[in-house]
Amino acid sequence: MYYYATQDRVWLENFGWPLLRDIARFWTSRVTKIDKNTYGINKVMPVDEWCDNTQTKCGDIGVDNAVQTNAVAAVSLIFASEVGHMFGFEVDPRWKIIGQQLKINFNATTRTHIQWDNGIVSFFS
């Protein structure tokens, strides 16, 4: 990010913040509560270039909790919360909570991220 490279607080306050705020608002509008401690983002088109209608059906309806989408959303929400507090702007308290509780699919046995809910990783099919 530009701010991390330059530490330009004037830019962050005047140009970065409005963009971060609106991105956080967007992701907040897209999440659903899965359970007491988990949020998810449903019906998104994943970044997987192999995703197609015949293989996974994701082209028709999208997938739930695509790991790349949720990871970017989590970072965006947490960073927006931090920046807003840094400058004393009004911050939705849900941003940090959602960012910290957004579902990131992970298989502890294979130590790999699963691409989306019910996703099956097959490297040599």
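Reply: Start with how a packing angle is read. Axes are lines fitted to C-alpha atoms, for helices over the stretch in contact, and the angle between two N-to-C directions runs from 0 to 180 degrees. Keep in mind that this is a predicted model.

Now take helix 4 and helix 5. Their axes lie 8 Å apart, and they pack at an angle of about 150 degrees. Angles over 145 degrees count as roughly antiparallel. Helix 4 and helix 5 are therefore roughly antiparallel to each other. Their crossing is left-handed. Which residues meet here? From helix 4 come Ala74, Leu77, Ile78, Ala80 and Ser81. From helix 5 come Trp95, Lys96, Ile98, Gly99 and Gln100.

Helix 4 also packs against helix 2. Here the angle is about 135 degrees, and the axes are again set 8 Å apart. That angle makes helix 2 oblique to helix 4. Helix 2 passes helix 4 in a left-handed crossing. On the helix 2 side, the residues in contact include Leu12, Trp17, Leu20, Ile23, Ala24 and Trp27. On the helix 4 side, they include Ala73, Leu77, Ala80, Val83 and Phe87.

Next, the core. The largest nonpolar core has 24 residues. Leu12, Ile41, Val83, Trp95 and Leu102 have the most contacts inside it. Which of them gives the most? Helix 4 does, with 7 residues. In general, nonpolar side chains tend to be buried together in soluble globular proteins.

Trp95 shows how these parts join up. Leave out residues up to four places away in sequence. Trp95 then touches Trp17, Arg21, Ala24, Arg25, Thr28, Leu77, Ala80 and Ser81.

Aromatic rings pair if their centres lie within 6.5 Å. By this rule the count comes to 7 aromatic pairs. Phe26 and Trp27 form one of them, with ring centres 4.9 Å apart and planes at 65 degrees, so the pair is edge-to-face. Phe26 is partly exposed, at 42% relative accessible area. Trp27 is buried, at 13%. Phe87 and Phe89 also pair, but theirs is tilted: 6.0 Å centre to centre, with 45 degrees between the planes. Phe87 counts as buried at 18% relative accessibility, because the cut-off is under 20%. Phe89 is partly exposed, with a relative accessible area of 28%.

One last stop lies past helix 5. Asn105 sits in the loop between helix 5 and strand 3 (106–107). Is Asn105 buried or exposed? Asn105 counts as buried, at 9% relative accessibility. How far is Asn105 from Val67 in sequence and in space? The two are 38 residues apart in sequence, and their C-alpha atoms are 6.3 Å apart. Beyond its neighbours within four places in sequence, Asn105 is in contact with Asn65, Val67, His113, Ile114, Trp116 and Asp117.

Definitions and conventions
Residues are numbered from 1 along each chain as its sequence is written. This is a predicted model: local features need pLDDT of at least 70, side-chain atom pairs count only at pLDDT 80 or more; totals for chains, interfaces and linings use all residues. Side-chain values use heavy atoms; hydrogens and water are left out. A nonpolar core is a set of buried Ala, Val, Leu, Ile, Met, Phe, Trp, Tyr and Cys residues joined through side-chain atoms within 4.5 Å. Buried means under 20% relative accessible area, exposed over 50%, partly exposed in between (1.4 Å probe, protein chains only). Helices (H or I, at least four residues) and strands (E, at least two) are DSSP runs, numbered from the N terminus. Contact means heavy atoms within 4.5 Å. Rings of Phe, Tyr and Trp (its six-membered ring) pair if their centres lie within 6.5 Å; planes under 30 degrees apart count as stacked, over 60 as edge-to-face and the rest as tilted. Angles under 35 degrees count as roughly parallel, over 145 as roughly antiparallel, 65 to 115 as roughly perpendicular and the rest as oblique. A crossing is left-handed if the near helix is turned anticlockwise from the far one by less than a right angle, and right-handed if clockwise.
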